[in-house]
Amino acid sequence: CALCAQCLAACRDPSERDLDRALKVARRALELRPDLGEMWTALGAAQLRQGALNTALASLQKAEKLGNASLFLLAMVHHRRGDIDQARQYFELGEQRLAEIHSGWSTLVRRLRNEAAGLLGITPISREKSEEEEKKTEQLKNENSESVGQEAADSPADAESPPSAER
């Protein structure tokens, strides 16, 4: 239910979003399980998309208390409410958490992160690009150390002494 509601609220193509249905799914799920932070996040996402910023903030804060809030959605809500400092704090906290996880980002998290970055005027950097750059840097370091080691092996041990004459 949470994933379905999230997808309905945060679909890549805004014309394919179904906010009324997302709200309905999230509310119904919360009637059954009000302890699910994921559903509060889905509800907050739909409310945010509809422009109900105060109720979106309340839903996302409930999700946060339950240990499952999208910090990027919280950043977007605060930005749209005009609290840029709070928005940046949530965005930076989201970045820190993603760095701690260091596993592949889900497509939804990546989209929300990039959307929040766009609102805040922050240039998004994909994790794949930074990991690829790290690999290239490490590879260059290894190649350089190997070539330095090879040069040392190719040079004579005592370069100043003349080669010995054959008898």
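**Entry 1: Val109**

I began with Val109, which is partly exposed, with a relative accessible area of 29%; here buried means under 20% relative accessible area, exposed over 50%, and partly exposed in between, with a 1.4 Å probe and protein chains only. I noted that this is a predicted model, in which local features need pLDDT of at least 70 and side-chain atom pairs count only at pLDDT 80 or more, while totals for chains, interfaces and linings use all residues. I also noted that residues are numbered from 1 along each chain as its sequence is written, and that side-chain values use heavy atoms, with hydrogens and water left out.

I found Val109 in helix 7, where helices (H or I, at least four residues) and strands (E, at least two) are DSSP runs numbered from the N terminus. Setting aside neighbours within four places in sequence, I saw Val109 in contact with Phe72 and Leu98, contact meaning heavy atoms within 4.5 Å. Gly94 is 15 residues from Val109 along the chain, and I read 9.9 Å between their C-alpha atoms.

**Entry 2: the whole chain**

I then looked up the overall make-up, and the chain has eight helices and zero strands. Of its 167 residues, 32% count as buried, and among contacts between residues at least 6 apart in sequence, 52% join residues at least 24 apart.

**Entry 3: the cores**

Which residues touch the most other members of the largest nonpolar core? I found that they are Leu48, Leu73 and Phe91, in a core of 22 residues; a nonpolar core is a set of buried Ala, Val, Leu, Ile, Met, Phe, Trp, Tyr and Cys residues joined through side-chain atoms within 4.5 Å. Two or more residues come from each of helix 3 (37-50), helix 4 (53-65), helix 5 (71-80), helix 6 (84-101) and helix 7 (107-120), and helix 5 gives the most, with seven residues. Apart from this core I noted another, of 13 residues, including Ala5, Leu23, Ala26 and Leu30.

For Phe91, leaving aside neighbours within four places in sequence, I listed contacts with Phe72, Ala75, Arg113, Ala116, Ala117, Leu120 and Ile122. I followed one of these, Leu120, to helix 7, where Leu120 is buried, with a relative accessible area of 7%. Beyond its neighbours within four places, Leu120 is in contact with Ala75, His79, Ala87, Arg88 and Phe91; Ala75 is 45 residues away in sequence, with 8.6 Å from C-alpha to C-alpha.

I returned to helix 5, which is mostly covered, since eight of its 10 residues are buried; among them are Leu71, Phe72, Leu74 and His78. After helix 5 comes Gly82, whose phi is positive, near 95 degrees.

Two packed helices are described by the angle between their axes and the distance between the axes. Helix 3 and helix 5 pack at an angle of about 30 degrees, with their axes 10 Å apart; axes are lines fitted to C-alpha atoms, for helices over the stretch in contact, and angles run from 0 to 180 degrees between N-to-C directions. The residues that make the contact are Thr41, Ala45 and Leu48 of helix 3 and Leu73, Met76, Val77 and Arg80 of helix 5.
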